[in-house]
Amino acid sequence: MRPLTSDDPEEIGGHRLLARLGAGGMGVVYLARSAGGALVALKTIRAEHAADPAFRARFRREVTAVRGLAGDWLVPVVAAGPEAREPWLASEFVPGPSLTEAVDGFGALPVAAVRVLGSRLADALTAVHAAGLVHRDIKPGNVLLSLDGPRLIDFGIAHASGATALTAPDAVIGTPGFLAPEQARARGGEVGPASDVFSLGCVLAYAASGRRPFGAGHAAGVLFRTVHEEPDLSDVPGELRALIAGCLAKDPAGRPTAVRLAASLRDPRLGPAASGGPGRDWLPPAVLRVVAERSARALEVPTPQRAQEPVPDAGPPLAQAPPSRRRVLLLGSAAASVLAAGGGVTGYLVSRRGGAGLPVHVLGFQGDFSGAGKADSEAQERGARLAVERYNARDGVSFRLALETVDDRGEPARATDAARRLVARGAVAVLGLGTATAARAAAPVYEAARTAMLLVSSDGAELSDLNLSTVFATRGPESQLALPLLTYLSSVHPVDRTGVIDDHAAGPTGTDLVSALSRAGTAVVRSVAADSSDFAPAVRGVLAARAQAVVFTGVSPERASLCARALTDAGFTGPRLGTWHLMRPAFSPPAREGWVFGAPFTDPGSVSPAFTAAHRTRYGTAPARWSPEAYDAVGLAARALERTGTTADVPPGVLAQQLSGTAYTGLAKPLRFTSGNLALEGVYFLYQARGSTFRLIGRHDEV
């Protein structure tokens, strides 16, 4: 949940808004309370979409259809306002985590749980199809987990089977990786109940193996594999493989119906939970605990008091906030960071609650606190320190953390010295290293000591030629910045052809963008020389090729302003996109209005009201860019330390080995490494320029 913003209304359709549950290109989802006191998830549609009469007609038709749905594993729509300026619908609120959170955080589900999941979702689809509807967006994020079974949500793109689609004729509707070949080919007339069964097969393969059957990466590549290649089910348990493979037949006629699939998944040997009867222990214990805790926390949702905005230092001191072992974030913290005594990797402290002495693992933070990188380093160090304090305030932990900070001024010589000091200090991991020259100087020292390096604002590209095994970049790489832009152009605002203005002054970032967009197969590229300020010929070239969206590859906000003006002068009003490098004041507000940007960082003020409150109380100001990401890096390190199974000294290299197999769902994004490489699901974000600000649209895999 995230706090309401100043732009959010207090109520919609008689429902009092409490918090934001999510936001995307289509609208915002709120947690709200009905006049009768029930919690609901209330989804609004942005006015710019609702202004299209055809879209509004489709929304009105879908609301009528889904309000008639009933089923144990469906989340019913309880109210709607299809005629409002921003249409909305409200459904029962399910507090449980999504299937995505469960699998990414705890790994693949056991076979018995997959059977329960699949049979009940197939039952849900049976009800949907019996009503003459097709869901069209079955994916892990639309499956919520409850104590008694899964719930299928989000009928925002459901439409009557056989009805004419009111979207663009060739639009791909659905989520790449979880849609059927007929959807990937944008053949709306072929989409029917069998398409939902295919999507459910993808979901079950993911749940059973932890992997998408058609891989990840660029949307265009995933769509190609969906249409032309066989699914990869090598990690799916053998007893489920044939059943899931049947759902993934390329020919819709070769797939089972939802009724037949549900019957095949039920196994009487597994008891009533698998056969559709009551049963509360259908999930692994770790996931069930999260489900139970989410359900309990839903009862504590406060009513917001907008008229009495809390001042930054209002409320009880941070040390008085009651800790809870499994809360996503404490409103406060307890013990301050305590440095280990004697220079060893492990020191001991006495718990403030009077417990026995606990070992202390030292985390280092190396950054530029007195040079050009001061702002980023300070933001990261503050986020990391809050995370250390939060961890130390938890009950039942087997060790404490300490954070030791060293200023390298971004200078190579000082960076090498700083690395030697932290290694001698016994740091088990080091965060920061945001300056390229400093990172190159320090990295060999850490590599030799087998000390894990957790990069926050750097993607580690400057270290790629050093062949290091202890570097873990927790941000998405620059080379993959096309991913959020392609997601926007395939899921939020689908287009057939993209114009690419290739600014040769951009360097490697521009080259990578052009390469990725060209591989997607729909790009028309026109170049602008590095020493030229005339973007008009390139703009005319992409528009003559009938581009429906334009991506600017440059990194200069001043040159982006020139490109934006050329597009305006040419009368272009379609989507205009760029990267986070342009999100600066020099890209003038009038020129950038409506532009969409892909970025490797989240909006620090939107991740959690508790995080923002704790930061304001501790530092007297709101969190800055990269602060939540540093907080998450500490959480990842703590999770990996827990997995080592040791509370005393951690041998060199062990933490780095554990990081490679650790999954952690942070405030900003999920973190998971495979062979030292960050999994790209959910690590990029989309923003849009609105007035004087850059507003977060959402995580790229959730829009």
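What is the volume of the second largest pocket? The second largest pocket has a volume of about 1000 Å³. A pocket is an open set of points on a 1 Å grid over the protein atoms alone, where a 1.4 Å probe fits, with protein on both sides within 12 Å along at least five of seven lines; the volume is the space filled by probe spheres set on the points. The model is predicted, so local features need pLDDT of at least 70 and side-chain atom pairs count only at pLDDT 80 or more, while totals for chains, interfaces and linings use all residues. Residues are numbered from 1 along each chain, and side-chain values use heavy atoms, without hydrogens and water.

The lining divides into 17 nonpolar, 20 polar and 7 charged residues, with Gly counted as polar. Helix H11 (374-392) supplies the largest share, 4 residues. Helices here are DSSP runs of H or I with at least four residues.

Elsewhere, two pairs of helices may be followed. The axes of H4 (residues 111-130) and H6 (residues 193-209), lines fitted to C-alpha atoms over the stretch in contact, come within 11 Å and cross at roughly 165 degrees. H4 and H6 are therefore roughly antiparallel, the term for angles over 145 degrees. H12 (residues 412-425) and H13 (residues 436-449) pack at about 30 degrees, with axes 7 Å apart. H12 and H13 are therefore roughly parallel, as angles under 35 degrees are classed.

Definitions and conventions: 1 Å grid on protein atoms, 1.4 Å probe; cavity = no way out; pocket = protein on both sides within 12 Å on 5 of 7 lines; lining within 4 Å. Helix = DSSP H or I, 4+ residues; strand = E, 2+ residues; numbered from the N terminus. Axes fitted to C-alpha atoms, helices over the stretch in contact; angles between N-to-C directions. Parallel < 35°, antiparallel > 145°, perpendicular 65-115°, else oblique.
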